[in-house]
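These are my notebook entries on what I looked up in one structure.

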Amino acid sequence: MSWNRRHLLTLEELSAADIALIHATATTFKQILGRNVKKVPALRGKTIVNLFLEPSTRTRLAFEMAAKRLSADVIAFDAASSSTTKGETLRDTAQNIRALGAEMIILRHAAAGSPLYLSRILDIPVINAGDGAHEHPTQGLLDTFTMQEHLGALRGRKVVILGDVLFSRVARSNIHALTKLGAAVTVVGPSTLVPHWFTSLGVTVSHDLRSALADAEVVMLLRIQHERQTAGMFPSLGEYTSVFGLNRARADWLNPRALIMHPGPINRGVEIDSELADGKNSVILEQVANGIAVRMAVLYLCAGGDPQKIATSKD
Ligand code: CP
């Protein structure tokens, strides 16, 4: 297996073999993260800039930790105190960051397609850390990595994605990854948030929560993306929760061994009750932890690293 991509922009453009290579490389890095010395010299001397122009906790910190574990110099861009507040364009911001010596940019932006745009301007790798409602490729990779740790190969596995699918970049990246890996994906929610056209992505669309949950091996909850919704997609949050929120009673419709996942941030008591988010079937914090190894793999491969030759020496 080999990797010949400079950027990671979408999972739509990756093959199943590409995804498997990232997962295999992440497995190696996860083993390294379990050692006393967690740092490897793989990207020593490289300068990586975390250019986050939308809020983030998990993705920003996991990329920062991943870069540090690879011995890169990582710089966090502070959007609130930057000249973007004075009207500087994304193009100018990125070109200035490049001129200052960045050798890789990790971009989160509200505009779908902004990582692709930067990848066409810059001569360095661009990693998509979430672009609008389009894609969140490293989230899809860490989610499928976590599922595989519990279930093995995903071919034929039944995964339900429940909630605001329409505005979710996490849903799109997971749909691309899961369908390439052979899983059977059902997306569930109100018809305003789960329109029929999602069937064109190779998934089943359902508005009947009970029947969808009945044979699920994984249920992935999604937050209502208020920041992206332009009109009322349901009468009220309370009414959404009363029909589609995952609570104790509805969890009884699930297989007792079904995994409960959520990319975060969680709105407790809305899309999922605390009892389930913190319960024995939840792998939510495993997802977060796996984000480091998966992002180490992405940074390493996009920097030109050979997956067969991960140096583990500190020097
Ligand atoms: N899952 C996710 O993208 O979380 P953050 O917005 O906190 O990065």
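This is a predicted model: local features need pLDDT of at least 70, side-chain atom pairs count only at pLDDT 80 or more; totals for chains, interfaces and linings use all residues.

I turned next to the oxygen atoms of the ligand. For Arg-108, a polar side-chain atom lies 2.8 Å from an oxygen atom of the ligand. For Thr-57, I noted a backbone N or O atom that lies 2.8 Å from an oxygen atom of the ligand.

**Entry 1: the shell.** Which residues surround the ligand? I listed Ser-56, Thr-57, Arg-58, Thr-59, Arg-108, His-136, Gln-139, Pro-263 and Gly-264. Sorted by class, this shell has 1 nonpolar, 6 polar and 2 charged residues. I also checked the domains: domain 1 (16–135 + 291–302) and domain 2 (137–287) each supply at least three residues of the shell.

Entry 2: Rolling a probe the size of a water molecule over the atoms shows where empty space is left. I recorded that the largest pocket is the space taken by the ligand.

How many cavities of 30 Å³ or more does the structure hold? I found 1. The largest cavity contains about 60 Å³ of space. Its lining is made up of Arg-58, Thr-59, Ala-62, Gln-139, Leu-142, Pro-263, Gln-287, Val-288, Gly-291 and Arg-295. I noted that Gln-139 lines this cavity and also belongs to the residues around the ligand.

Conventions. Residues are numbered from 1 along each chain as its sequence is written. Side-chain values use heavy atoms; hydrogens and water are left out. A residue is near a molecule or strand if one of its heavy atoms lies within 4 Å of it. A polar contact is a pair of N or O atoms within 3.5 Å; within protein, one must be able to donate a hydrogen and the other to accept it, and residues adjacent in sequence count only if both atoms are side-chain atoms. On a 1 Å grid over the protein atoms alone, a cavity is a set of points where a 1.4 Å probe fits but cannot get out, and a pocket is an open set with protein on both sides within 12 Å along at least five of seven lines; lining residues have an atom within 4 Å of a point. A molecule sits in a cavity or pocket if more than half of its atoms lie within 2 Å of its grid points. Ala, Val, Leu, Ile, Met, Phe, Trp, Tyr, Cys and Pro count as nonpolar, Asp, Glu, Lys and Arg as charged, and the others, Gly among them, as polar. Domain bounds come from an automatic or database domain assignment. Grid points are joined across faces, edges and corners, and a volume is the space filled by probe spheres set on the points.
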